Amino acid sequence: LFMKDSSVSKNPALHRLGSRLRALALAGAVCVAAAALLCAPDAAGQGAAEGISTCLYTLIPSLFPFMVLCTYVTESGLATRIGRFTGPVMRALFRLPGAAAPVVLLGFIGGYPAGARGVSRLLARGEITREEAGRMLCFCVGAGPPFVLTAVGSLLLGSAQAGPVLLLAVTASGLLLGLLLRFTSPKSAPKAAPKPQPPSSSPFVDSVTGAGRAMAVLCAFVIVFSVLLSLCRDAGLFRPLTRFLLLRGMGPGNAAALPSFLAEVTAGCRDGAQFGASLPLFAFGLGWGGLCVHLQIFSFFPQLPLSRWKFWLFRLLHGLGAAGLAWVLLPFFPEAAAASTLWPEGVTGKTAASIPAAAALFLLLLIMALDGAQLLPLAKGKQNRAKNPR
């Protein structure tokens, strides 16, 4: 948060100062969050219940089977065998090895974590280089058809056309990013990936257990973010931001739902349907994914193969591209355009008297996003050193 990755951090005094300020900011935010949990137990409990419900009825049914499948493709060596046939196509389109083809496909049809899980396993097994893994994370992590078509299109928006329009916009935006990213790969001969590991002796067992552990981590993130969002709403944190967006000309439904979309995509879709957000905003939120999904993706990698800022930049480009494509498609699908109407009652909600408390909660969200990618690798590194003392 305090320029740890820049050249300024090479100065020992500035590095110590930054570390202390970062520790104080995090400690203060944690204290305020703990006080908020004690002062607003109903809001915290409601947020936890919503998060658990989301995991049980949305995430686990739609994501877990694809995560098992994506892990099995890599652990069984199937990706390598498929790559012998898909290599020329993948190199021509994305400058990626053929083994990446099934992971790219599953990334688009299985949802955000499935694609990231597959990329992490390909990298761990030596099928791709770090540069290739970084490029894959920029475009093949998207919302899958089960979530977009069923949860968002049919259940939340109640439209047979809205889901396909959103899915087409989000998928096309990701593919366009992938095609553009091929021009950023080194023109010289790429650095060879490590020699691929042999297939697992029990790929199905390893796939189920590995996907189960990953799914538990994903659900934990969703529950925590649901609690934080509920506390932020109860503290009135989103009220000033909503008013600011309204003054800048944004519609009331979009202004009310945008903060949730930025933090957690499932909560954003739920709020967007309740407040009558426009379909391009849904497309933006699905392309962006939310900070909760971003931290889930970071948890799969002992060391992220690209900078966090580059990852967030391409998530933003993915969201903006999806919103633009949805806006272009709307005139051809009138039913989808009418799926969400502006919230007739305007923007309402609680407004807390404690602005510093609300600001501290927002600071906690920001620090979690910036710090989570480094805390997880440190913990995994300690575990690895404990297993391998040498």
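Rings of Phe, Tyr and Trp (its six-membered ring) pair if their centres lie within 6.5 Å; planes under 30 degrees apart count as stacked, over 60 as edge-to-face and the rest as tilted. The model is predicted: local features need pLDDT of at least 70, side-chain atom pairs count only at pLDDT 80 or more, and totals for chains, interfaces and linings use all residues. Residues are numbered from 1 along each chain as its sequence is written, and side-chain values use heavy atoms, without hydrogens and water.

Five aromatic pairs are counted by the ring rule. Phe94 and Phe139 are stacked, 5.1 Å centre to centre with 25° between the planes. Phe94 lies in helix 3 (residues 78-94) and Phe139 in helix 6, so the pair ties together parts 45 residues apart in sequence. Helices are DSSP runs (H or I, at least four residues), numbered from the N terminus. Phe94 is buried, with a relative accessible area of 6%; Phe139 is buried at 1%. Buried means under 20% relative accessible area, exposed over 50%, and partly exposed in between (1.4 Å probe, protein chains only).

The rings of Trp309 and Trp312 have centres 5.3 Å apart and planes at 65°, so this pair is edge-to-face. Both residues sit in helix 15, three residues apart. Trp309 is exposed at 57%, whereas Trp312 is buried at 10%. Phe298, Trp309, Phe311 and Trp312 form one aromatic cluster.

Met136 touches Leu96, Ala100, Val103, Val104, Val119, Leu122, Ile128 and Val141, not counting residues up to four places away in sequence. Contact here means heavy atoms within 4.5 Å.

Notes:
Helix = DSSP H or I, 4+ residues; strand = E, 2+ residues; numbered from the N terminus.
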